[in-house]
Amino acid sequence: MSRMASKLVEKVFIKPSSPTPESLRHYNLSSYDQLMPEYYISCMLFYPNPHHEISTICLQLKNSLSKTLVPYYPLAGRLVKNDYIDCNDQGIEFIQVRIHCQLDSFLKKTRFYAADQNLLCGSAEDSLVVVQLSHFDCGGVAIAVSISHKVADGSAAAAFMNDWALSTRLSSHMPTPLLVSDSLFPPGNNVISRPFVPCHNCVMRRFLFPVEDIEKLKTKAIESGILGPTKVEVVIALLYQCATVAKRSSRNGFSRTSVLSQTVNLRPSLKLPQNAIGNMFSLHFCFVEDDKMEIPALIGEIRKAKLKLRKLPYESQMKELGESLEKLDPNTVDIYVFSSLCGFPIYDIDFGWGKPTRVQAFQNEINNQIFLMDSPQDGIEAFVILEEEMISAFENNELLLPFTSLDSIKLKSKI
């Protein structure tokens with residue numbers, strides 16, 4: 001299949017509309033920020049009918065982005081080692097690309113490759129944020145935002161995008177992000193190894209779980225004694241079960257210990273708003289010796305691990321996190337990382353042209369990774385990144401097929 005034809009229109013740096021005071025020049029990373037590897041969280045939003053000239057759209061986005069960077073000033077700075085951000089107002093990279101393709105045709109493609117995906121999500125050099133505006137022959141646009149995980153997690157990234165969109169739509173809006181992560185989680189000198197396997201020969205699939213099929217999964221869990229299962233719990237358990245089956249199939253029936261790792265947003269327990277900026281999440285781990293464990297039992301193990309984590313004070317959480325990470329050797333255990341963006345208003349990001357018809361979130365540096373998002377119809381969208389040799393067994397698993405729509409395998413990305 002041929003690559004999509006494209007043309008780079010411009011690449012500029014957008015700076016805050018007013019300079020950052022010298023007193024705010026030094027922004028410390030928190031201990032959680034320091035633990036993050038230097039990869040980027042990416043989110044692409046597709047808008048089929050903006051009903052404006054691309055020149056007008058581009059100017060509006062640049063002006064509102066410049067204004068939004070005033071309160072989000074660390075994003076316009078530069079990382080200094082693994083210590084702090086020099087808030088020097090060098091700005092964030094803004095790329096404009098023309099894609100010679102119809103947006104609708106692109107979204108209906110049965111497979112697209114890294115070269116195509118990179119067209120929609122530019123790569124960064126030293127900028128902590130990269131924004132790319134892609135416009136299609138039909139007039140539709142895609143806006144991609146890539147944010148360094150050193151300065152933001154999923155909640156912070158969603159808050160920034162929503163504030164930027166609201167500033168575009170409403171000129172009087174002034175964002176008020178909360179920048180307190182270093183005082184809550186003081187920087188430290190602890191170095192913890194991160195044993196997650198980098199992506200090499202991986203593919204990504206998008207699966208859509210309609211709300212009625214999620215209710216069926218919940219019913220099965222309730223019938224097995226699980227009280228009040230959530231939609232995230234049942235979908236994670238199902239996807240994890242299918243992933244372990246696929247891994248066993250790729251090894252000709254050989255199985256070994258696997259680990260289910262899930263991110264936990266700390267803002268609610270700390271009574272902080274979602275626009276508290278930085279990395280404010282932890283990880284809980286379920287070490288599963290039996291890869292044939294049924295969904296209700298998996299939900300039980302997930303709840304035990306989450307409850308254990310939440311009962312610990314911050315210092316003990318860090319110790320527990322370090323001890324768990326030290327145990328994880330990718331040569332002897334299979335590690336599956338789940339991140340849930342459910343509850344974050346990503347499909348509400350409206351720049352003045354309506355809500356996006358498709359959102360895609362990912363970070364393509366880690367294998368065995370699954371992102372969950374709310375779908376516009378109250379279901380769940382899951383972006384699954386696995387080794388290519390596993391994907392056929394995964395998407396054709398008889399446990400998975402009854403609970404996901406056929407549309408779920410229309411988006412097939414090779415990373």
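**Exercise 1.** Determine where Lys81 lies and whether Lys81 is buried or exposed.

*Solution.* Step 1: Lys81 is placed in the loop between β4 (78-80) and β5 (84-86); strands are DSSP runs of E with at least two residues, and helices are runs of H or I with at least four, numbered from the N terminus. The model is predicted: local features need pLDDT of at least 70, side-chain atom pairs count only at pLDDT 80 or more, and totals for chains, interfaces and linings use all residues. Residues are numbered from 1 along each chain as its sequence is written, and side-chain values use heavy atoms, leaving out hydrogens and water.
Step 1: Phi of Lys81 is near 55 degrees, a positive value in a residue other than glycine. Most residues other than glycine have a negative phi.
Step 2: Lys81 counts as exposed because its relative accessibility is 74% (buried is under 20% relative accessible area, exposed over 50%, partly exposed in between; 1.4 Å probe, protein chains only).

**Exercise 2.** Describe how helix α8 and helix α10 pack.

*Solution.* Step 1: Helix α8 (residues 231-250) and helix α10 (residues 295-310) pack at about 115 degrees, with axes 9 Å apart; axes are lines fitted to C-alpha atoms over the stretch in contact, and angles run from 0 to 180 degrees between N-to-C directions.
Step 1: The contact (heavy atoms within 4.5 Å) involves residues including Ile236 and Tyr240 of α8 and Leu298 and Ile302 of α10.
Step 2: Among the buried residues of α10 are Leu298, Ile299 and Ile302.
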